[in-house]
Amino acid sequence: MGKRPLSIHWKVMLMTFFIIICSFTVAGIFVLESVMEMKEEEISERAMLLSRTVAELPEVQKQLMEDDPVKAAAAINPIVERIRVINGADYIVVLNNKRIRLSHPVKPMIGTISRTADEDAAFTEHTYISKATGEQGTVLRGFFPVMDEYHRQIGVVISGYLLPTLWEIIWGIRMEIFLAVGFSLLFGVWGAWSLAKNVKSRMFDLEPHEIARLYVERNETFNAMHEGIIAIDNQLAITVFNEKAYEILGVKRQDVIGKSIYDVLPDTRLPEIIDFNHPVYNKELLVNQHSILSNRIPIQVNGETIGAVAVFQDRTEVKKLAEELTGVKAFVQALRVQNHEHKNKMHTIAGLLQLGKHKKAMDYIMHANEEWDVLMDFLHGRIKDDNLSGLLLSKVREGKELGIEFEIDKNSRWDHFPKGMDHHDFVIILGNLIENAFEAVQLSNKAEKKVFVSLDQTDDHTSILIEDNGIGMDEETIANIFKDGFTLKSEEGHGIGLFLVHEMVTKGGGSIEADSVPGEGTSFVITF
């Protein structure tokens, strides 16, 4: 059985506590160093002040001018020793010009000659501090020359203080250190505990390994989904980009997490969801030259929008299926019409032959062939897409079957599709509009039922015109025809055709306008 990992709560608390201890240690080193420097400066000032005080005593000056050093020492040493004891100095030494010690805390040293080299400068009227290391430790000594009333040097006073050790300094401020460290540790432990508790609560009381497992599970869940998923935060940085999104949008597989959505896919329109804070459902978009059906939703936490997510499907396969269904329907309709038309023609020819009208029968056959050839030549020559040609041909035959005069503008031409669109889109657009026109003229009581189609292209624009002389529409109907689910028919399954047409036109950056007069007819103009 594996060892249970330490809780994040204790990890954060111990790490914070460790940082506090390290900080205190580093800070303590600097503080103690500063205290040592201050202590040394203080002792230096005391040593110099004490030396000056002794040097300026009249009795000391008087005795230094005495020729007999024994007599001078007997008079100076008691005075100096009393001052040394009062000021807590380790020693005070008075030297005459012959460097004979006239005072010293060690009596046998009185009357002896000092041969220390660092005293030389003092006998040239210099005032200074000297640091020396001896058996008892480091001593700070203050040198001060003694001058007579005529400003002639008659001796030197040396005051010495033993510099306290680091431990002595610490012991001297032990109470302050104890209180400072105690309160700091107390508040440090409390702060570390509070921080650890806050961190744990922010992580929903989960441990890091649990969060890591959830992160992996989340990514694998997203990657297993059949829909593409892209999520961004409120700084527009990508936070989720699953495998299906790479596949659908044709994005080169790379690490896009953390990158700006504009740098990877500038046309997702996800940032506008954050700006407007409003979801958009079932919207067809062209992203990276791929047609998708997208749901874009703001991500909210505690009422605050922190990002947006897009869940989308590839519309290419759906559109191919729609086109196939439309094509199959048109093909079946064309076969039915062709079969019916073929029977009528055969009956007409057979009747003429039975009546002995051989020439008329031959003229009829030639006229039918000529009419068919003209239509085929026109479609092949002017419409450079077989899918649109097939659709128009099937509608011509369907019109004849229904008794509708279906006319294609002789000046029509079609060479290419607008940017971002293909024949899948235009089969659905033309198929829906022509089918609606057929239905409109069939509901009309007019003897002549007409539907007119014009396709025109230049280098700058593409336009489609579809007109009929059917029942027309009022203004209220025109205002609602492009809404999803709007229909005037009672049967189910209607109300989607013109909505899809409008969505595809909008996707291609085009416009669609409807003009209609009740009882006279309707026209649709689409421009790219």
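Predicted model: local features only at pLDDT ≥ 70, side-chain atom pairs only at ≥ 80, totals over all residues.
Residues are numbered from 1 along each chain as its sequence is written, and side-chain values use heavy atoms, with hydrogens and water left out.

**Aromatic rings**
- The structure has seven aromatic pairs (rings of Phe, Tyr and Trp, using its six-membered ring, with centres within 6.5 Å; planes under 30 degrees apart are stacked, over 60 edge-to-face, the rest tilted).
- One of them joins phenylalanine 241 and tyrosine 246, a tilted pair at 4.6 Å centre to centre with 55° between the planes.
- Phenylalanine 241 counts as buried because its relative accessibility is 8% (buried means under 20% relative accessible area, exposed over 50%, partly exposed in between, with a 1.4 Å probe and protein chains only).
- Tyrosine 246 is buried too, at 8% relative accessibility.
- Trp414, Phe417, Phe426 and Phe528 form one aromatic cluster.

**Loop residue**
- Glutamate 207 sits in the loop between α5 (174–202) and α6 (208–224) (helices are DSSP runs of H or I, at least four residues, numbered from the N terminus).
- Glutamate 207 has 12% relative accessibility, so it counts as buried.
- Along the sequence, glutamate 207 and serine 7 are 200 residues apart, yet in space they're 6.8 Å apart, C-alpha to C-alpha.

**Helix α1**
- Glutamate 37 lies in helix α1, which covers residues 8–55.

Technical notes. Helix = DSSP H or I, 4+ residues; strand = E, 2+ residues; numbered from the N terminus.
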